[in-house]
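Thanks, everyone. I will keep this short and go through one structure, part by part. Please have it open while I talk.

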Amino acid sequence: MTSHFDTIVVGGGCAGLSCATALIESGQNNILLLEKKSFLGGRTHSYLDQKSGEMLDNGQHLFLGAYHETKVFLDRISSLDELCFRQHYATILRGKKFGRAILRPKELPAPFHMSFSMMGFKALTIYERVKLLGLLRAFFYTKKQLGRLSVKELLDRCGQSQSSLINFWEPLVLATLNAELKEARADFLMEVLTKGFFSSYSNALAGLSRVPLSELIALPAKTFIDGSGAYVQEGESVISIEDYREQPLLLHAKSGRKYTCDQLVLAIPPGSMKTLSLYSDSGLDRHIETMPRLQASPILSYHFWVDQEIFSQAYMGFVDHEIQWIFNLSAYAKPKQFLYTCIISARAQLMGKTRQEIQTLLQSLIREYFPDACAKVLRVCPSHQAKATWNLKVGDAKISNMTVSPRVFFAGDWVGTDLPCTIEAAVQSGHQAAQLILKSFRNQKNIDQS
Ligand SMILES: Cc1cc2nc3c(=O)[nH]c(=O)nc-3n(C[C@H](O)[C@H](O)[C@H](O)COP(=O)(O)OP(=O)(O)OC[C@H]3O[C@@H](n4cnc5c(N)ncnc54)[C@H](O)[C@@H]3O)c2cc1C
């Protein structure tokens, strides 16, 4: 392996992998991807649970039909067929007050694909369903104005009642933005609603992976990169970068190895970015130092095994319970036993709960909501991600893929898009960084020729 590359991508999550594979697809293959951990995938990975022999995901991931760039990426690495978008993956909410409410897109032109389902959505009273139309007011705000409002402020201005916040908006916002209503940005919510739920039937469909996340993303991406003649180096943590004009970019790894390149993509989370030592005459160090601070938000996942089926649907939400969502892996994957995963978003205070406490909590939820099931929780396996997403604070300006250095670009779920931190944001951002690199090579070629 040579140590000079046209492009080095640092970070092997969805952003880094989508960037590297897009560059390769465009004919570039003198590329190196460096990943700190011993495996690729970043926040989308799976690991072997020795006791059950199951491959478990670091956390359940839900996709949307509107994840167009993600579909392009998965298609490129030949794993799109493992993702299935189904109408029967309806969103079911359970609550003490209303029982069971179902939201299911219908194969009709927009906005009718959702309107009929919304009008019959029992989590809201008939009056509250009509009041949802108040949200049309949000379309009179510019993106900039929305970026200065929290979701709570926007919903208050649009006349949403307290009980609709609890029974509808909070579960939706926790699941899509991983933040509380008061902290989540209104512009991100509007993006999810307009591009995801309300733009078309196919965009509103939920998607789930038939295979563990690593088999959907990391492994096929690695096969793609290896097969192209480009390089991947796992277990290689970049600790410092030198960016001086007239010299190639120089990267130092923790292992002591050095790498040089013409273009660099930093596809790492903002927290990791701040730990890099930077030496530069372009002002890159100052650029990173003065970026808006992003707030890390947790997602707690608990995989749990039961002795019999609790429910047969793919997933369900619980509005007045500490457990927010439960996914039933038997409905879309092929677990060896009855395996479910529960998810709790943006609630750091629950991280201290022991397995036994969670097991008791789950057992009481089953008793309360599924008394006929009589299912017994046999084992719980926690997977906590304290830094699951990096949320931009209300009012802070968005961060661009471009930096002050014309040779260094950012990629990641937190940068360069109008989306909340999701796989789609990461992939879109990775693709954007690849486009910027290609443009920069084209410009350089034109200069060399003239
Ligand atoms: C539990 C959980 C549930 C989620 N659920 C959903 C969901 O349902 N739907 C959805 O769309 N999204 C979901 N997300 C969010 C989604 O996983 C992320 O937005 C996405 O994976 C981020 O990808 P990324 O490439 O930007 O960052 P990462 O995946 O964090 O990748 C960055 C990589 O950089 C590496 N790195 C860091 N520093 C260095 C260094 N110095 N040198 C070399 N490498 C370095 C890291 O090890 C990491 O592999 C969820 C996330 C979690 C954690």
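This is a predicted model: local features need pLDDT of at least 70, side-chain atom pairs count only at pLDDT 80 or more; totals for chains, interfaces and linings use all residues.

The strands involved are β5 and β9, the latter covering residues 206-209, and they run antiparallel with two bridges between them.

That pair belongs to an open sheet of three strands, in the order β5-β9-β6, and the pairing is antiparallel. The edges are β5 (63-64) and β6 (83-86); each has a single partner strand, so one side of each is left without a neighbour in the sheet.

Next, the ligand. Which residues come nearest to it? Among the 36 residues around the ligand, they are Gly 11, Gly 13, Gly 42, Gly 59 and Thr 422. Two or more shell residues come from each of α1 (14-25), β2 (31-35), β15 (294-306), β19 (377-392) and α15 (423-449). Sorted by class, the shell has 16 polar, 14 nonpolar and six charged residues. As for the domains, the ligand lies between domain 1 (4-46 + 214-292 + 398-449) and domain 3 (295-391), because both give residues to the shell.

Now the packing. The largest nonpolar core has 128 residues, and those touching the most other members are Ile 8, Cys 19, Ala 20 and Val 265. Take Val 265: leaving out residues up to four places away in sequence, Val 265 touches Thr 7, Val 9, Val 10, Cys 19, Phe 409, Ala 411, Ala 433 and Ile 437.

Phe 304 is in strand β15. Is Phe 304 buried or exposed? There are 22 other C-beta atoms within 10 Å, so Phe 304 is buried.

With residues up to four places away in sequence not counted, Leu 362 touches Phe 304, Ile 323, Cys 342 and Val 377.

Finally, two distances, both C-alpha to C-alpha. Phe 304 and Tyr 127 are 38 Å apart in space and 177 residues apart in sequence. For Leu 362 and Gly 229, the figures are 48 Å and 133 residues.

Conventions:
Residues are numbered from 1 along each chain as its sequence is written. A residue is near a molecule or strand if its C-beta atom, placed from the backbone, lies within 6 Å of it. Helices (H or I, at least four residues) and strands (E, at least two) are DSSP runs, numbered from the N terminus. Ala, Val, Leu, Ile, Met, Phe, Trp, Tyr, Cys and Pro count as nonpolar, Asp, Glu, Lys and Arg as charged, and the others, Gly among them, as polar. Domain bounds come from an automatic or database domain assignment. Two strands pair if DSSP finds at least two bridges between them. A nonpolar core is a set of buried Ala, Val, Leu, Ile, Met, Phe, Trp, Tyr and Cys residues joined through C-beta atoms within 7 Å. A residue is buried if 20 or more other C-beta atoms lie within 10 Å of its own, exposed if 12 or fewer, and partly exposed in between; C-beta atoms are placed from the backbone. Two residues are in contact if their C-beta atoms, placed from the backbone, lie within 7 Å.
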